[in-house]
Amino acid sequence: MRRWVPFLLAALGLALAQGEKLKACFIYVGPVGDAGWTYAHDLGRKKAEAALPWLETRYVESVPEAQALPVIERFVREGCKVIFATSFGYGEAVLEAAKKYPDVLFAHATGVRRAPNVATYMADFYQVYYLNGLAAGALSRTGKVGYVAAYPIPEVKRHINAFALGVRAVNPKAQVLVRWINAWYDPAKAREATEALLAQGADVFAFTEDSPTVIQTAARKGAYAFGHYTPMLKFAPDHVVSGQIVHWEVIYTDFLKKVKEGVYTAKNLENVDYFWLLKQGAVEMGADYGVPINPKHVPLLQKARMSVGGRQVAVYDRILALLKDMSGPNPSFDPFTGPIRDRKGVVRIPAGRKATLQELLTLEWAAPGVVGDWPGEPR
Amino acid sequence: MEEALLRAVLFGTPLLLASLGALLGERSGVVNLGVEGIMALAALAAFAVALWASPPLGLLAGVGVGVLGGVFLGFFAVTLRANQFVAGLAVAALGLGASGLLGKRYEGVPLEHPLPEGGLALLALLLALGLHHLLYRTRFGLHLRSVGENPRAADLFGVSVDGVRYGALALGGGLIGLAGAYLSLAYRPSWTDGMTAGLGWVAVALVILAAWEPLRAVLGAYLFGLLFFLQFRLQGSLPIPSEAFAAMPYLLVILVLALSGRARAPKALGQPFERGR
């Protein structure tokens with residue numbers, strides 16, 4: 001009997017140590033392996049786990065929205081204390097599960113509805129899109145910039161508008177040609193939409209789709225492109241200028257730390273909404289990690305000029321200055337600062353004020369210069 | 001306009017190859033619903049071998065995996081006489097799942113030297129003509145058609161029903177594999193999980209719309225390719241919502257092929273053959 005005591009103690013110790021770990025679980029809408037949305041969330045999960053020794057994580061990938069609730073229930077049975085739902089479409093299931101399991105903390109990415117134990121979070125690209133728009137406006141020779149867009153929802157519209165405002169700030173006559181593919185991931189549609197835009201004269205591209213297809217297609221015809229979501233420089237080293245890169249781990253680490261410290265509980269998440277930007281390091285402007293602009297294109301952007309407050313400055317300098325400003329603790333610049341009219345001439349943001357978070361989250365109008373179908377455009 | 005025709009051919013090519021592959025098996029009487037999965041697995045194999053060795057070898061690997069996929073389906077559908085629809089769906093699911101699982105390390109990897117799309121598109125067209133010739137001008141074609149129409153009679157005349165069906169599935173699988181390789185080595189050119197994105201199912205539908213005729217499959221695939229491109233080319237210039245545009249390729253291809261002739265399936269399609277019954 002006595003011989004077993006050390007083993008029992010060891011087992012007990014192990015069990016206790018295990019018990020101290022915080023278990024966070026992730027539901028992904030797509031397969032982990034792609035270069036897009038789910039891949040980036042999983043990268044964030046891994047980095048958070050590496051940074052927080054007391055954290056234990058688990059995930060289930062490719063969960064259709066209708067299957068979310070059973071997966072959440074399985075997570076709860078397995079002892080998950082925090083559950084991250086990483087798709088807009090999981091909203092209903094999250095709110096339902098939150099009611100059923102009031103002791104579990106939920107966080108819903110891109111979500112809009114909260115509850116005492118449901119927070120919402122988003123790493124948003126609109127500032128980065130504006131900066132990339134500046135570069136796009138400077139690089140386009142035809143004055144036609146292509147945008148291959150996923151779904152016509154406020155998030156995507158906000159990004160296209162920020163991009164278009166940037167393009168127009170450099171080249172007031174430029175057009176941003178938008179094509180909707182109505183899919184988050186569909187390489188064939190992305191390819192053919194890009195081909196269609198190339199045929200119409202677009203020579204610079206940005207997009208929302210979870211594969212490097214737009215970049216690869218643009219590069220074949222010598223057109224410039226901006227990567228999306230993860231670093232995509234390697235897919236076209238001569239043609240990727242910059243891009244939007246996400247850092248979900250910044251949000252995950254912050255959230256989980258606060259749960260561990262007891263700042264966040266299952267009763268006080270009603271007002272917890274992360275809408276994190278450059279300032280918090282949740283997003284990055286870059287062709288690759290740490291490469292804001294592909295060095296190959298820096299000379300072109302240094303040569304290109306734009307007017308800022310009546311003064312001529314190099315586009316390159318402007319981009320870096322604004323990037324620095326918006327990455328700092330107290331940004332003075334915001335792309336959605338009035339006066340901003342939509343493409344029909346209606347004032348959307350009055351002079352002298354910035355768009356509110358609510359305005360940004362519900363944005364439906366199209367910026368001047370945007371050309372193409374725009375479902376849900378206000379009259 | 002030139003652009004649109006080019007896109008019709010270049011995007012029509014994987015559809016053409018995959019539907020030719022399914023068509024071949026179906027003319028012998030075996031329904032092939034495994035196209036999507038075989039295509040996905042072949043795309044992965046082609047890409048992996050292209051990285052290790054070279055893109056031409058990758059192409060061969062894609063074809064090889066396609067042949068294996070066809071034989072695999074044959075084992076269930078021909079030898080075990082399983083329900084062909086169930087067997088096909090299982091192959092589709094298995095191929096998609098396996099490619100996703102095995103392909104993780106190839107995601108986010110660029111392919112330095114893609115294969116030329118134009119050359120492969122020409123090859124696909126020649127294969128369609130060749131398949132037409134094979135079906136209507138060769139002894140194997142005669143056997144294949146008779147096995148698909150009346151396996152009992154073919155058997156009485158000394159044709160090996162099982163042998164012909166295996167042959168048709170293997171050859172067809174090779175074509176489907178070529179379609180997958182085209183996607184990952186030329187059309188994309190890179191690999192991600194789920195990159196076939198339903199093209200295999202479109203190909204399965206095209207076989208029926210093309211009334212099991214290789215030359216009509218050419219028409220159907222190119223027409224689909226053309227309309228698929230045009231939905232984006234015309235989006236915004238006509239007052240039609242983008243969602244409605246997205247349905248256009250499917251609707252118009254069905255309409256055109258439905259109007260251009262009656263479809264008649266091989267009589268023994270979907271029926272397992274057992275001697276003496």
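The model is predicted, so local features need pLDDT of at least 70 and side-chain atom pairs pLDDT 80 or more, while totals for chains, interfaces and linings use all residues. Residues are numbered from 1 along each chain as its sequence is written, chains are lettered from A in the order written, and side-chain values use heavy atoms, without hydrogens or water.

Helix α2(A) covers residues 37-51, and its 15 residues reach 21 Å from first to last C-alpha, close to the expected 21 Å (1.5 Å times one less than the number of residues). Helices here are DSSP runs of H or I with at least four residues, numbered from the N terminus.

Further along chain A, α7 (residues 187-199) packs with α8 (residues 213-220) at about 35°, their axes 9 Å apart; axes are lines fitted to C-alpha atoms over the stretch in contact, and angles run from 0 to 180 degrees between N-to-C directions. Contact (heavy atoms within 4.5 Å) involves residues including A190(A) and L198(A) of α7(A) and V214(A) and A218(A) of α8(A).

Turning to chain B, there are 11 helices and zero strands. Its C-alpha trace spans about 60 × 45 × 30 Å along the principal axes. Of its 277 residues, 55% are buried. Among contacts in chain B with a separation of 6 or more, 83% join residues 24 or more positions apart.

Terms used: Helices (H or I, at least four residues) and strands (E, at least two) are DSSP runs, numbered from the N terminus. Buried means under 20% relative accessible area, exposed over 50%, partly exposed in between (1.4 Å probe, protein chains only).
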